[in-house]
Amino acid sequence: MSTLSKLVLGAMGALRPVPARGEAPTTIKLPAPVRQGGGSLVEALDKRGSARDYRPDPLPLATLSGLLWAANGLNRQGAGHTAPSALNAQEIDIVVALPEGAYRFDAKAHALELVCASDIRRVTGYQDFVDTAPLDLVYVADHARMKMVPVSQRTSYASVAAGAIAQNVYLYCASQGLATVLRAWINREAISTALGLPHDQEVLLSQTVGFGKKP
């Protein structure tokens, strides 16, 4: 769908997901992430960049596992995460939008839990490439986990945490030859509706991930 069509539908409150492709399992258990290799941090920083052309090929499950672990998985005993969170609120949920449905990443179980059995990729951004890229990550802040943070500052705190997760994704993609782009130009209300989020959960950002098209 074109950007213009999405803008029109969004203005009308009619931007909707499409039916999922195939069966949507309730849980997708991810293989253990590979925690060695991938080159140096300096090399990843040197290669880090944003891309807007993607092949539709799905990511192998092992790659998806590594991606989500790098984003905000558990990396230390005592439930330490790869991304920081003020007061350890862990307020950010990563929702993975796949052709077969939208899933929440459960870092403790290292698994994906079904949120909705619809393909919401076209809803996650106004750009046309999000419709067919293999997956989009949606960063959702759960304000109920931020009771120690003043209400007026919760979005700011959560945005910092989401930004740290997004940079982890950028660096993982750079180290693994994947393409990605972080997007703030999104219809947050449409995404929230598609996911059936309660009032105290806030959509912050989306990030597309996939295999880039070779020039």
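Okay, quick housekeeping. Because the model is predicted, local features need pLDDT of at least 70 and side-chain atom pairs count only at pLDDT 80 or more, while totals for chains, interfaces and linings use all residues. Residues are numbered from 1 along each chain as its sequence is written, and side-chain values use heavy atoms, with hydrogens and water left out.

So, the overall picture. We have five helices and 11 strands; those are DSSP runs, H or I of at least four residues for helices and E of at least two for strands, numbered from the N terminus. The C-alpha trace spans about 45 × 45 × 35 Å along its principal axes.

Of the 215 residues, 48% count as buried, and by buried I mean under 20% relative accessible area, with exposed over 50% and partly exposed in between, using a 1.4 Å probe and protein chains only. For contacts, meaning heavy atoms within 4.5 Å, take those with a separation of 6 or more: 75% of them come from residues 24 or more positions apart.

Now have a look at helix 5, residues 188-195. Its buried residues are A190, I191, S192, A194 and L195. What do they pack against? Strands 5 (92-98), 6 (101-106), 7 (111-116), 9 (135-142) and 11 (201-210).

Next, the aromatics. Rings of Phe, Tyr and Trp (its six-membered ring) pair if their centres lie within 6.5 Å; planes under 30 degrees apart are stacked, over 60 edge-to-face, and the rest tilted. That gives us two aromatic pairs. Y54 and F129 make a tilted one, 5.7 Å centre to centre with 35° between the planes. Y54 sits in the loop between helix 2 (41-47) and helix 3 (61-72), and F129 in the loop between strand 8 (118-119) and strand 9, so the pair ties together parts that are 75 residues apart in sequence. Y54 is buried at 5% relative accessible area, and F129 is buried too, at 10%.

Y126 and W185 are also a tilted pair, at 4.9 Å centre to centre and 40° between the planes. Here Y126 is in the loop between strand 8 and strand 9 and W185 in the loop between strand 10 (179-183) and helix 5, so this pair ties together parts 59 residues apart in sequence.

G125 is buried, with a relative accessible area of 1%. Leaving out residues up to four places away in sequence, G125 touches K6, V130, R183, W185 and I186. The C-alpha atoms of G125 and S206 are 7.4 Å apart, although 81 residues separate them along the chain.

Last thing, backbone angles. Most residues other than glycine have a negative phi. Q90, in the loop between strand 4 (80-81) and strand 5, has a positive phi near 50°. H110 has a positive phi near 50° as well; H110 sits in the loop between strand 6 and strand 7 and is buried at 11% relative accessibility.
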